[in-house]
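Here's a quick tour for anyone meeting this structure for the first time. Have a look at it first, then read on.

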Amino acid sequence: MRIPSFGEAARALRLLQGLQKPLNSGISLASTANIPGGTPFTLCPESRSTDLFQISSVVIERQPVYIDDMFTVHIEGEFQDTFSANATFDITGNCGSYCDAYGAPPEERGGETDRESFCELHPIEQPLGGSQKKKRNNSTCPPEKGYAMISPMGWAMPMFLWWPQVYNFTFDAKTEDGRRIYCLAAEVCMRWEDEEKNKRYSTGPWSNLWQDDRQSVLIDRHANKTCDIL
């Protein structure tokens, strides 16, 4: 059985449309610290203080996320301006800091990108709070300037993402004219919830992954690293 490519991983973790439900020139921003909310997401190195959506927190409704799970990501922040409905959303999957451990050839280390419509995948709750009717009437895209929550849903799709290993993802949203809306990144260890399934893939560098039950990380003994579970 072959190892899934990281382009397939990008498609596998694509955000789904129609299944979401809401919860009741610039300075480079630091991308080393996790964003408030208890997830492995960080701002991308390309993120700037001029990004159109300034993120204040990211929460995953279901944690941990296993292969074949569906999950909702709630991103709170403030839109600095509105934009057209033709904005794009790029999902890139690659081997991240594990390229050497996986023996990925140079031409594959950049991964592959799946481009989707921003508005189709980003239900926007604006303003926050109020009656359910008001929420539905204001969950529209493109957004207005001001505070908002966007709540896309994802699926760790086993058709493409079936091998327990470390995956590196970047989620980059831009307007039609190239202005960045936001960019998030996460390097995560994905596995099956059923440990018997994990045992089927017991060869290669990914076999060095083991879970420390005291914390929500996997530890890669081969690379001597810890990796956040999504």
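Let's start with a cysteine link: the torsion about the S-S bond of Cys119 and Cys141 is about -65°, so this disulfide is left-handed. Cys119 sits in helix α3 and Cys141 in the loop between α4 (132–138) and β8, so the pair ties together parts that are 22 residues apart in sequence. Keep in mind that this is a predicted model.

**Disulfides**

- The structure has three disulfides, and with bonded cysteines counted along the chain, they follow the pattern 1-6, 2-3, 4-5.
- In the link we began with, the sulfur atoms of Cys119 and Cys141 are 2.2 Å apart.
- Another disulfide is formed by Cys44 and Cys183, with 2.1 Å between their sulfur atoms.
- The torsion about the S-S bond of Cys44 and Cys183 is about -75°, which makes that disulfide left-handed.
- Cys44 is in the loop between β2 (42–43) and β3, and Cys183 is in strand β11, so this pair ties together parts that are 139 residues apart in sequence.
- Both Cys44 and Cys183 are buried.
- Cys95 is joined to Cys99 by a disulfide too, at 2.0 Å from S to S.
- The link of Cys95 and Cys99 is right-handed, with 85° about the S-S bond, and both cysteines are buried.

**Nonpolar cores**

- The largest nonpolar core has 40 residues, and those touching the most other members are Ile55, Ile75, Phe118, Ile181, Tyr182 and Leu184.
- Elements that each supply at least two residues of this core include β3 (53–60), β4 (70–79), α3 (118–121) and β11 (180–190).
- Which strand gives the most to this core? That's β11, with six residues.
- Leaving aside its neighbours within four places in sequence, Ile55 is in contact with Ile35, Leu43, Ile75, Glu76, Gly77, Tyr182 and Leu184.
- There's also a second, separate core of eight residues, with Tyr98, Ala101, Val166 and Cys189 among them.
- Cys189 is buried, at 0% relative accessibility.

**Aromatic rings**

- The structure holds nine aromatic pairs.
- In one of them, Phe83 and Phe118 have ring centres 5.7 Å apart and planes at 75°, so the pair is edge-to-face.
- Phe83 lies in the loop between β4 and β5 and Phe118 in helix α3, so this pair ties together parts that are 35 residues apart in sequence.
- Phe83 is buried at 6% relative accessibility, and Phe118 is buried with a relative accessible area of 0%.
- Tyr167 and Phe169 make a stacked pair, because their ring centres are 6.1 Å apart and their planes are at 20°; both residues are buried.
- Ring pairs link a cluster that includes Phe41, Phe53, Phe83, Phe118, Tyr167, Phe169 and Tyr182.

**Two buried loop residues**

- Ser151 is in the loop between β8 and β9 (153–155), and it's buried at 3% relative accessibility.
- What does the side chain of Ser151 make a polar contact with? Its partner is the side chain of His74, at 2.8 Å.
- Trp163 is in the loop between β9 and β10, and it's buried with a relative accessible area of 7%.
- Trp163 and Trp192 are 29 residues apart along the chain, with 8.5 Å separating their C-alpha atoms.

Definitions and conventions
Residues are numbered from 1 along each chain as its sequence is written. This is a predicted model: local features need pLDDT of at least 70, side-chain atom pairs count only at pLDDT 80 or more; totals for chains, interfaces and linings use all residues. Side-chain values use heavy atoms; hydrogens and water are left out. A nonpolar core is a set of buried Ala, Val, Leu, Ile, Met, Phe, Trp, Tyr and Cys residues joined through side-chain atoms within 4.5 Å. Buried means under 20% relative accessible area, exposed over 50%, partly exposed in between (1.4 Å probe, protein chains only). Helices (H or I, at least four residues) and strands (E, at least two) are DSSP runs, numbered from the N terminus. Contact means heavy atoms within 4.5 Å. A polar contact is a pair of N or O atoms within 3.5 Å; within protein, one must be able to donate a hydrogen and the other to accept it, and residues adjacent in sequence count only if both atoms are side-chain atoms. Rings of Phe, Tyr and Trp (its six-membered ring) pair if their centres lie within 6.5 Å; planes under 30 degrees apart count as stacked, over 60 as edge-to-face and the rest as tilted. A disulfide is a pair of cysteine sulfur atoms within 2.5 Å.
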